[in-house]
Amino acid sequence: MQKLRHAVNGLSGSLRGPSDKSITHRALILGSLAQGQTYIKQPLASADITSTMNALRSLGVKFTVQAAGTIVVDSPGMANFARPENLVLDMGNSGTSTRLLAGVFAGLDLPVTMTGDASLSTRPMQRIITPLTNLGAEIQSVDGHLPLTISRGIQAQPIKFTLPLGSAQVKNTVLLAGLVAGVATTITDDFGTRDHTEQMLPAFGVTLEQVDNTFTIPDGQKLQATEIEVPADISAAAFWLVAGTIVPKSVIKLTKVNVNQTRAGILKVLNQMGATIKQQTIAAAEPMANLEIMAQPSLQPVKITAADVPTMIDELPIIALAATQANGQTIISGAQELAVKETNRITTVTTELKKLGADITATYDGFIINGPTNLAVAAPTTVDGHGDHRIAMMLSIAALITAGEVNLVDPESVVISYPTFFEDLEHLTQQA
Ligand code: S3P
């Protein structure tokens with residue numbers, strides 16, 4: 001339990017937040033597939049990333065952390081991976097590790113059983129089991145949930161796959177299975193899910209042809225070891241984007257934030273709400289920007305619909321908090337995927353924000369939020385992150401503007417994506 005702080009004098013200061021989780025997972029996986037040494041500069045160090053590294057170690061990949069935080073991935077290459085018998089991997093809390101690596105193991109035809117913590121064990125895996133099974137893999141699970149055993153990999157054949165739901169993880173399961181199996185792989189993504197793997201593959205010497213929403217990776221691609229620099233994570237920056245907007249007197253600078261358009265939906269939404277965000281773009285393999293956020297006392301409500309959701313899926317809890325401060329009704333719909341994240345975020349966001357006085361109603365696919373509300377508790381109140389990192393961080397930002405004492409159960413879940421979250425909060429508050 002942790003007593004959450006207020007921010008009476010606003011938040012101020014500059015920080016380079018934690019590195020992008022999605023990009024770090026992908027750099028570690030692709031770096032492991034390539035023979036030789038891949039250098040990953042400024043990778044995220046977090047519990048989910050450890051899950052991916054531990055799984056790759058079992059294939060004979062070595063990771064060394066250099067003084068500046070660079071990870072050197074030293075790999076025998078996918079053709080020379082160890083093939084341990086009766087391999088059981090604990091994927092912890094990480095859906096991304098599980099789904100992306102299931103694609104790798106299915107492509108390698110390397111039998112494995114994947115287990116996970118209580119939260120991961122409730123998350124749907126049928127979405128990856130179905131496409132892999134259609135490609136000839138044999139997979140056992142408990143009703144579409146972990147533990148999941150891949151007993152036979154996909155059978156070599158060109159792959160044509162149309163993403164049936166807006167999940168980058170599912171797209172990557174199939175992409176990685178095809179890449180590792182060395183078969184031509186064509187994927188159509190009409191949802192516009194995050195495209196970090198597609199962006200990164202050319203750096204590893206892999207050919208990728210893109211036409212509209214469809215890309216093809218030709219057969220027989222060989223990955224070459226390379227160097228990747230990971231930008232700051234917009235999903236982590238999101239907490240400061242909203243905090244800087246809703247906490248009076250704040251001015252926050254965030255440097256080198258990834259603003260890939262498949263991820264940057266929160267910037268669009270905050271701009272529509274009337275937030276004051278200055279953006280200075282930095283050219284890079286994936287676009288980055290320095291952002292400056294200033295408190296904005298008067299925010300407009302917004303409508304977020306299904307087409308917007310993939311570009312801001314992980315940011316919807318903190319956007320819901322911002323909406324409690326807008327003048328009118330915000331409707332977030334088409335976000336039923338929130339129900340199958342680390343927690344059912346439709347339920348956890350609603351239940352916990354209501355404890356602070358928010359006027360928020362859960363719908364089957366999102367929220368209806370009426371604002372503005374002066375968040376306040378009449379007596380010391382306990383809010384619960386339910387073991388979900390993004391809920392714990394959202395509630396810590398909510399507490400900054402809540403009158404009265406708020407205590408948080410489960411603050412340690414921030415280790416999943418942002419281990420230094422509370423230190424950064426302290427840093428921004430102390431300078432005020
Ligand atoms: C991720 C994709 C998203 C996101 C998750 C990370 C990724 O999940 O919520 O935090 O790195 O591919 P879905 O693809 O299942 O929506």
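Begin by selecting strand E9 (residues 145-152), where Pro147 is found; helices (H or I, at least four residues) and strands (E, at least two) are DSSP runs, numbered from the N terminus. The peptide bond that leads from Leu146 into Pro147 is cis, with omega near -5 degrees. This is a predicted model, in which local features need pLDDT of at least 70 and side-chain atom pairs count only at pLDDT 80 or more, while totals for chains, interfaces and linings use all residues. Residues are numbered from 1 along each chain as its sequence is written, and side-chain values use heavy atoms, with hydrogens and water left out.

Select next the loop between strand E21 (366-371) and strand E22 (381-384), which holds Pro372; a cis peptide bond joins Gly371 to Pro372, with omega about -5 degrees. Then move to Gln42, in the loop between strand E3 (36-41) and helix H2 (47-57), where phi is near 55 degrees, a positive value in a residue other than glycine. Most residues other than glycine have a negative phi, and most peptide bonds are trans.

Display the polar contacts, which are pairs of N or O atoms within 3.5 Å. An N or O atom in the side chain of Arg26 is 2.7 Å from an oxygen atom of the ligand, and for a side-chain N or O atom of Asp314 the distance to a ligand oxygen atom is 2.7 Å. With Ala168, it is a backbone N or O atom that lies 2.8 Å from an oxygen atom of the ligand.

Methods: Polar contact = N/O pair within 3.5 Å; in protein donor to acceptor, adjacent residues only side chain to side chain.
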